[in-house]
Amino acid sequence: MAFNIYDLTSFTQSIDKALYSVLPPFWAVATEMLIIGVAILAFYAVVGLYLVYAERKVCAFMQNRVGPNRVGPYGFFQTIADLIKLLFKELVHIKSADQLLFNLAPFIVICASFLAIAAIPFAKGLHAIDLNIGIFYVIAVSSTGVIGILLAGWSSNNKYSLIGAMRSGAQIVSYELSVGLSLITMVILSGSMQLSVIVENQANGWYIFKGHLPAIISFLVFLVASTAETNRGPFDLAEAESELTAGFHTEYSGIRFAFFFLAEYMNMFIVASIAATVFWGGWMPLHIGGWAAFNHIMDFIPPFIWYIGKTAVVIWIMMWFKWTFPRLRIDQLLSLEWKYLLPINLVNVLLMAFIVLMGWHF
Amino acid sequence: MTEKLIQEDIEHEEYTINMGPQHPSTHGVLRLVVSLKGEIVERVEPHCGYIHRGIEKMCEKLTYPQIIHLTDRLDYLSAHMNNHAVCLCVENALEIEVPERVRYIRTIMDELARIASHELWWCSFGMDLGGLTCFFYGLRDREKILDIFEETCGARLLLSYNTPGGVMYDLHPDFQKRVKEFIVYFRKKIKEYDDLLTGNVIMQQRTKGIGFLSKEDAISYGVTGPSGRGSGFSCDVRKHRPYGMYHKTDFKEILRYEGDTFARYIVRMDEMRESMNIIEQLIDNLPEGDFAVKMKPIIRLPEGEYYQSIEAARGEFGVYIISDGNKTPVRVKFRSPNFCNLSALDLISRKQKIADLVAIGGSLDYVIPDIDR
């Protein structure tokens with residue numbers, strides 16, 4: 001079993017061959033699915049926990065304080081302690097709430113983000129599903145999360161949750177347009193929606209450099225729109241503590257609240273990894289065409305580290321502007337999308353198409 | 001036809017929500033009963049009284065030096081200024097002239113308290129709007145002022161440093177040095193505040209044009225302080241009826257005419273700068289002398305009614321004492337600036353959105369213990 005850190009295809013192929021040689025084909029496929037499911041679930045849980053820790057530390061340093069530093073070295077196990085506490089909390093049973101929908105809502109939100117993570121390439125060969133409509137699938141599947149939010153607000157039987165859920169729903173649905181359009185701009189540049197092809201095409205330069213102006217505009221719009229879509233940053237009116245309502249997850253307690261909380265951080269991770277994949281080259285090291293020595297040094301770092309590093313930088317940027325800016329009001333938020341981002345996006349798509357046709361990209 | 005009426009009925013349904021006594025963004029225990037139509041505020045009814053402690057009644061049983069300790073706990077952010085008001089009232093009634101040094105000390109401490117109060121306002125205003133980092137930056141800088149207070153009289157916030165006739169102890173030898181260091185430090189930091197919040201497009205969009213208070217309404221509701229000056233109502237007691245050293249210092253009364261939340265914000269930011277100017281003019285010229293006049297052990301005010309007002313951080317704070325010659329007053333009434341400012345909340349929040357209510361409340365900057373006394 002050759003474990004080549006730079007190309008995990010041989011590793012995954014060897015596991016595949018081993019399974020097929022031992023089990024009948026149906027069970028081999030089933031076992032593979034099980035392995036992948038468990039691996040992604042573990043990744044999801046661990047990354048979710050540590051994103052919460054990272055947020056607390058990052059915001060603490062920006063606010064001139066230290067953050068968690070008691071539980072474990074540098075407070076490393078703080079989130080695990082929080083998770084254990086949430087697991088033990090009483091799941092408050094609400095009689096007047098619609099039981100089925102109330103219990104279903106957190107699962108829908110988690111499933112939506114879980115499905116999206118399956119299509120992202122983590123490293124060369126480490127790709128759960130390589131669909132030929134990769135980007136389209138990711139956008140479509142992450143849109144289903146809004147159902148969970150609306151269900152949570154409605155089934156809570158609480159007018160404040162309903163207000164919060166409606167605001168949140170309106171916000172997410174509006175900003176999906178901007179997210180989709182900015183990704184379409186990059187699809188025009190790459191010529192394919194398949195995520196592995198998009199990453200491979202960035203071998204001699206990342207799309208943000210190749211596509212210069214429209215790609216940069218597209219990246220900025222994507223960053224703004226995806227923060228709004230994940231209810232984060234300056235767009236978190238729906239769940240703001242200092243506003244009137246505590247948002248759609250007021251009535252949830254214990255592990256169900258943890259699901260919403262986790263799903264929000266994982267959504268942030270997903271949009272950051274999409275940004276890193278489509279704009280910054282995914283697991284592709286930074287290559288400058290023509291500088292062989294530089295490229296050789298860059299190649300030395302394993303692709304998985306590149307991927308995590310890029311995603312981490314995008315996440316850090318998102319955290320940075322969450323803790324700096326005040327909140328937008330809901331009508332300002334929606335007018336930002338419909339009056340500013342959408343026209344910019346549409347013009348940008350035309351611009352990119354024009355540039356691709358004329359061949360004025362690198 | 002009936003369908004249309006029913007539809008209209010549903011659309012015009014008003015509902016009432018309660019921003020209860022415990023709420024992160026009403027600064028203290030205040031209950032706001034808000035009538036909403038959709039997202040628009042129709043009416044705001046403040047219900048105060050949750051922290052009524054009967055301070056005015058308690059004053060009737062206490063001697064004049066003891067009243068000072070209670071006034072700390074009214075608008076606790078301008079504690080020193082409240083003490084100053086009571087001392088001025090008693091001293092004017094007894095027709096005592098305090099030494100120059102005392103006036104200098106009181107003015108400098110007043111202005112430091114004003115800066116500290118406005119810093120806390122800035123912290124909580126930023127936090128209410130959603131910029132949580134502002135809270136920590138403001139508090140970090142306010143700690144420096146509180147350290148100066150602690151070195152001077154032992155207490156950080158509720159100073160009780162004033163006493164009728166002067167101050168309790170003399171200034172410690174490092175006072176001038178510390179204050180000067182603070183001013184140099186804070187002039188740099190206030191630029192940071194501007195970078196972080198004032199110049200921010202999001203913040204400007206949430207405050208410009210929101211919560212308009214006209215000058216006539218400000219005068220008729222009695223909205224004084226920075227909230228009134230943001231609407232063009234020139235009401236600074238330091239200019240109109242100077243006390244302490246204000247008649248000898250050169251400072252501007254900050255006035256803005258737009259009357260919206262942003263104007264009130266800018267007035268407070270500029271007031272912090274003016275306070276630093278005042279301190280700079282006074283700190284170098286502290287005269288030598290007594291820090292207190294020798295008073296009788298039991299202070300008795302002559303029979304009559306006495307009123308003295310000063311400019312607290314939030315407006316005109318007045319002390320009205322009715323005395324019948326005894327060592328305790330018959331009646332003490334405090335003119336609370338926050339009470340009048342709060343009364344204008346209903347007027348200026350009509351037809352605004354619910355999210356704006358929080359911004360407006362932050363800009364009026366009310367401290368509830370002063371409302372309830």
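A residue is termed buried when its relative accessible area is under 20%, as computed with a 1.4 Å probe on the protein chains only. The model is predicted. R167(A) has a relative accessible area of 10% and therefore counts as buried. R167(A) belongs to helix 7 of chain A, which covers residues 159-190. With neighbours within four places in sequence left aside, R167(A) is in contact with L237(A) and I330(A), and also with E39(B) and I354(B).

After helix 15 of chain B comes D365(B), which has a positive phi, near 55°.

Cysteine pairing is treated next. The count of disulfides over all chains is zero. C59(B) is in no disulfide, its nearest cysteine sulfur being that of C89(B), 12 Å away. C87(B) is likewise in no disulfide, and the nearest cysteine sulfur to it, also that of C89(B), is 10 Å away. A disulfide would require the two sulfur atoms to lie within 2.5 Å.

The relative accessibility of the individual residues discussed is set out here.

| Residue | Relative accessibility | Class |
|---|---|---|
| R167(A) | 10% | buried |
| C59(B) | 0% | buried |
| C87(B) | 0% | buried |

Key:
Residues are numbered from 1 along each chain as its sequence is written. Chains are lettered from A and ligands numbered from 1 in the order in which they are written. This is a predicted model: local features need pLDDT of at least 70, side-chain atom pairs count only at pLDDT 80 or more; totals for chains, interfaces and linings use all residues. Side-chain values use heavy atoms; hydrogens and water are left out. Helices (H or I, at least four residues) and strands (E, at least two) are DSSP runs, numbered from the N terminus. Buried means under 20% relative accessible area, exposed over 50%, partly exposed in between (1.4 Å probe, protein chains only). Contact means heavy atoms within 4.5 Å.
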